[in-house]
Amino acid sequence: MAHQKTPYQWSARGFVAPGVILVAVLLYLPLLWTVFLSFTKYNGLGSPKWIGLDNYVEMFTDGDFVGSAMNTVLWVIGTLIIPVGIGLAIALLTWNLGGGIWLRLPFLIPYALSGIGVGVVWSFILSSGGALDQALAAFGITDPPRWLLDAPLNTVVMIIASSWQGVGVNALLFTIGLQAIPKEPLEAARIDGAGGVRLFTSILWPMLRPLTAVVVGLSIVASLKTFDIVWGMTKGGPGTVSETLALTMYKETFVNSDYGLGSAIAVFLTVITLVASVLYLRQQLSPKKEM
Amino acid sequence: MISRRTIAAAAAGLLLGTLALAGCSGDSGSGGEGEVAGTLDFYTDKAAWKPDFESLNEVSGDAVDITLKTTGYSDANQYDAFIKQSFRTDKSPGLFTWHTGESLKQLVDEGLVAETTDIWSKAVDEGWVSEDLRDSYTFDGKQYCVPMNIAYWIMFYNKAAFADNGIEVPTTWDELNTAAETLKDAGVTPYYQTSVLFTFQWFQHLVASTDPDLYAGLTTGDAKYTDPEIVDIMNVWLDEQKAGWFSDAGSTTDPAVGLKQGDYAMINFGTFFAGNLEGAGMTTDDYGMFAIPAVSDDLDATPVAVESGPICTAENSKQRDLGLAYAEWWMSPDAQTAWNDAHGDVAFNPKAKVSDPALAEIGEQIAGDDYMLYDRFFEAMPTEIVTTAIEQFGAFNANPGDPMPFLEKIQATADKYWAEQE
């Protein structure tokens, strides 16, 4: 049965319209345009030329793309272990501690910096003959590793640089999660003699699960699109050994003016990010799961 | 009482109105369609040069009643995307800097830049510019854009490092190698190198001055990066790497500061680098310049890489006539003397006065019969090949070894590019 539209419904549509128009124009249209471009050969001038799946074939058969994908996987794993892990550790160690906020605050400060800024600062530290090498030389280490020149070491040290920036916000989020845990089960557990590791594994960790899911989910998304810090530190080099997918996408689009191939990488990255996020969050936040 | 429906409609209307106004807004210069006097909007990716460009407003008024209003971008890739996008709007620029080579060809092929054949004919007739330079701006017999500048890719050296080790400015390849050996033996690294961006210059010199035809073959796809001749040249480079003649590719020390500190004695860069050295506190008492001797003794003239950046006018710009009028003035000796005064480098106009005596001297020397010019690698090769090549040369500098894997990667990109052109 067709419903009669009430004046209320019409005005509701009117209220929603500006937002819908903005989302459609600013988000959906560019997305559809990018998907279209990924099937074309286009240099940013003239008209895109339809070439079917050629960009995707080229992408998956290019050794450098595979290298970028592997580096991106390394970033995902690395940023899960280091900034999420250390963030949790800082939150646990400073939780319920008098003046804990003053211990957490320094970790938050780098979060105010842009990724490019962090990259530039850390490249001064890690470049050959840079601050770290000079410091090591003071301890008699005159032949230090080539931090930014050798793979996969360069990706690992860039993950550490990124962690320096990201660990504070994770610590903050975990602290909020810890503070939201009801007192009663904690007290009950303590009365039962639980403490330390046992308290963490049996009570805190399970009760932090919804927040952990969000932190890990955000971390996965952020690491999949890693760009600025790598651009600031190595530009993906030497050669292409430290490139990530987002950097390859940028390079193909804006350096080589191959908008089609760049769009194909963007579509691939979007699909991977969406699939990873949806699968992970569904699994973690499913209401059927017991906490 | 105002109904919610009215409010919603008003909100939607306001939003659309704002979007429409935003689309219409944007300050453009006063010189409109067909006018040849007024304020000309000028866009460049050389943001740091903005004061230099705008200083010309003080002298341009005597010849043309046009003043520049400069918008500078500091990110070249972002700038290129902006310019390309502007051609789709009614705000395409009356004057903008661009790149020669394939980048300019793309704009010409799409009919996006205004023809400048008349300006070039006048400039050549007046002796303001060489016929050689015209080639870089010629497509199907017509010219597009005018040169903003030229730069020769030469060797800068630290005079103290040379004097301390009894080294004279080398005039042959053997003398250059002897100088490098002497420096190395004295504990001074002979040459600067990096692993990012400016990684191509040694390759370009080795190839072009060993066999200019081989270099030309790479630009057209007739020669391959994996050809034995190229491999032999790379092995010369590798031997020099193994001899420790190049600086640490992972250093981020400013190259001008490095030369000043004596981290290395020589650096192969464009003549514009003289400005960087001055900025680092060096004077021509501290640094010198010389054209790099050719590898081959059999050449009639020493090949020198030349780079030229164009200033263009969009064909559909509202300020097209204004832009072309300025471009015509720009090529004149008065304009180029003023430009050289503002921004020191060699000059493309032989009648312009070059303010820096050292640059004037090397500019005159290279313009003579003992030297021949070839296009810098960056402009001579297609963009995709340049991107892969500078990455691979960077990787080679960072980890010098068998050149073949690096060359194969470059050739793979070249094969793909040339196949697409057929």
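In the predicted model, chain A has a radius of gyration of 24 Å, whereas a compact globule of 291 residues would have a value near 19 Å. Along the principal axes, the C-alpha atoms of chain A fill a box of roughly 75 × 70 × 30 Å. Of the 291 residues in chain A, 35% are buried. Among the contacts in chain A with a separation of 6 or more, 71% are accounted for by residues 24 or more positions apart.

The secondary structure of chain A comprises 12 helices and two strands.

Two helices of chain A, helix 2 (residues 54-61) and helix 12 (residues 259-285), pack with their axes 9 Å apart and at an angle of about 70 degrees. Because angles of 65 to 115 degrees count as roughly perpendicular, helix 2 of chain A is described as roughly perpendicular to helix 12 of chain A. Helix 2 of chain A contributes A:N55, A:Y56, A:E58 and A:M59 to this contact, and helix 12 of chain A contributes A:G260, A:L261, A:A264, A:I265 and A:F268. Classified by side chain, the residues of the contact between helix 2 and helix 12 of chain A are six nonpolar, two polar and one charged.

Helix 11 of chain A is largely enclosed by the rest of the structure, since nine of its 11 residues are buried. The buried positions are A:L245, A:A246, A:L247, A:T248, A:M249, A:Y250, A:K251, A:E252 and A:T253. These residues pack against helix 3 (63-94), helix 10 (228-233) and helix 12 of chain A, and also against helix 19 (383-398) of chain B. Just after helix 11 of chain A, A:S257 adopts a positive phi of about 55 degrees.

Between the two chains, 30 residues of chain A are in contact with 31 residues of chain B. On the side of chain A that touches chain B, at least two residues each are supplied by helix 1 (7-37), helix 5 (115-126) and helix 11 (245-255) of chain A. The greatest contribution to this side comes from helix 1 of chain A, with seven residues. In terms of residue class, the side of chain A that touches chain B consists of 12 nonpolar, 15 polar and three charged residues.

Methods: Residues numbered from 1 in each chain as written. Chains lettered and ligands numbered in written order. Predicted model: local features only at pLDDT ≥ 70, side-chain atom pairs only at ≥ 80, totals over all residues. Contact = placed C-beta atoms within 7 Å. Helix = DSSP H or I, 4+ residues; strand = E, 2+ residues; numbered from the N terminus. Nonpolar A, V, L, I, M, F, W, Y, C, P; charged D, E, K, R; others polar. Axes fitted to C-alpha atoms, helices over the stretch in contact; angles between N-to-C directions. Parallel < 35°, antiparallel > 145°, perpendicular 65-115°, else oblique. Buried ≥ 20, exposed ≤ 12 C-beta atoms within 10 Å, placed from the backbone. Rg over C-alpha atoms; globule rule 2.2 N^0.38 Å.
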